Amino acid sequence: LAGQVITMTGGLRNATEDNLSYFSAGGAGYKALTAMFVRLLITIQGLEASATRMAELGFANDAGDVKGNGYWSLLRVLHCCLRKMRSKMVSITSERGSVFFAARA
């Protein structure tokens, strides 16, 4: 599961970097949006490290029928959240040329 989370963060990072590059060229009207993309990229770095650590702790705490004492559940929640963020980022990518993202100078 940690590998899936790392793969998901990689795809999310690529889509975020692509959108950051696109909107950075758009000028001051996209300042808040580009700042959000930068914060998301920083967060993704931390999530990758956290997912790896949760997997390590999960394996270390597996005991018989009790798998990871909640660490695996946390990874599942993280995976679900990342999947939703990736979906939103794909939506932004597909709609970024539309009137919805028209810059206000």
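Q: Which residue does Arg96 meet in a salt bridge?
A: Asp18. In this predicted model, the side chains of Arg96 and Asp18 meet in a salt bridge, 3.1 Å from N to O.

Q: Where do the two sit in the chain?
A: Arg96 is in the segment after H3, and Asp18 is in helix H1. They are 78 residues apart, so the pair links distant parts of the chain.

Q: Is that pair buried or exposed?
A: The two partners fall in separate classes. Arg96 is buried, with a relative accessible area of 16%. Asp18 counts as partly exposed, at 35% relative accessibility.

Q: Why would such side chains pair at all?
A: Side chains of opposite charge can pair when their charged atoms come close.

Q: How many salt bridges are there in the whole structure?
A: A search of the whole structure finds three. Another one joins Arg13 and Glu48, whose closest N and O atoms are 2.1 Å apart.

Q: What else does the side chain of Glu48 contact?
A: The side chain of Thr9, through a polar contact of 2.9 Å. Thr9 is found in helix H1.

Q: Is Thr9 buried or exposed?
A: Buried, with a relative accessible area of 0%. Leaving aside neighbours within four places in sequence, Thr9 is in contact with Ile44, Glu48 and Leu82.

Q: Back to the salt bridges. Which residue does Glu56 pair with?
A: Arg53. Their side chains meet at 3.3 Å, N to O. Both residues lie in helix H2, three residues apart, which is about one turn of the helix.

Q: H2 keeps coming up. How many residues does H2 have?
A: Helix H2 has 31 residues, covering 31-61. From the first C-alpha to the last, H2 reaches 44 Å, close to the 45 Å expected at 1.5 Å a residue.

Q: Which residues of H2 are buried?
A: Among them are Leu33, Phe37, Leu40, Ile44, Leu47, Ala51 and Met54. Thr34 and Gly58 are also on the list. The buried residues of H2 pack against helix H1, residues 2-24, and helix H3, residues 71-95.

Q: What about H3, how many residues and what reach?
A: H3 has 25 residues and reaches 36 Å from its first C-alpha to its last, close to the 36 Å expected at 1.5 Å a residue. Its buried residues are Trp72, Leu75, Leu78, His79, Leu82, Met89 and Ile92. The buried residues of H3 pack against H1 and H2.

Q: Which residues touch the most other members of the largest nonpolar core?
A: That core has 23 residues, and Val5, Phe23, Phe37, Leu75, Leu78, Leu82 and Met89 touch the most other members. H1, H2 and H3 each supply at least two residues of this core. H2 gives the most, with nine residues.

Q: Take Leu78. What does Leu78 touch?
A: Val5, Leu47, Ala51 and Met54, not counting residues up to four places away in sequence.

Q: Different topic. How many disulfides are there?
A: Zero, from a search of the whole structure.

Note on methods
Residues are numbered from 1 along each chain as its sequence is written. This is a predicted model: local features need pLDDT of at least 70, side-chain atom pairs count only at pLDDT 80 or more; totals for chains, interfaces and linings use all residues. Side-chain values use heavy atoms; hydrogens and water are left out. Helices (H or I, at least four residues) and strands (E, at least two) are DSSP runs, numbered from the N terminus. The expected span of a helix is 1.5 Å times one less than its number of residues. Buried means under 20% relative accessible area, exposed over 50%, partly exposed in between (1.4 Å probe, protein chains only). Contact means heavy atoms within 4.5 Å. A polar contact is a pair of N or O atoms within 3.5 Å; within protein, one must be able to donate a hydrogen and the other to accept it, and residues adjacent in sequence count only if both atoms are side-chain atoms. A salt bridge is a side-chain nitrogen of Lys or Arg within 4 Å of a carboxyl oxygen of Asp or Glu. A nonpolar core is a set of buried Ala, Val, Leu, Ile, Met, Phe, Trp, Tyr and Cys residues joined through side-chain atoms within 4.5 Å. A disulfide is a pair of cysteine sulfur atoms within 2.5 Å.
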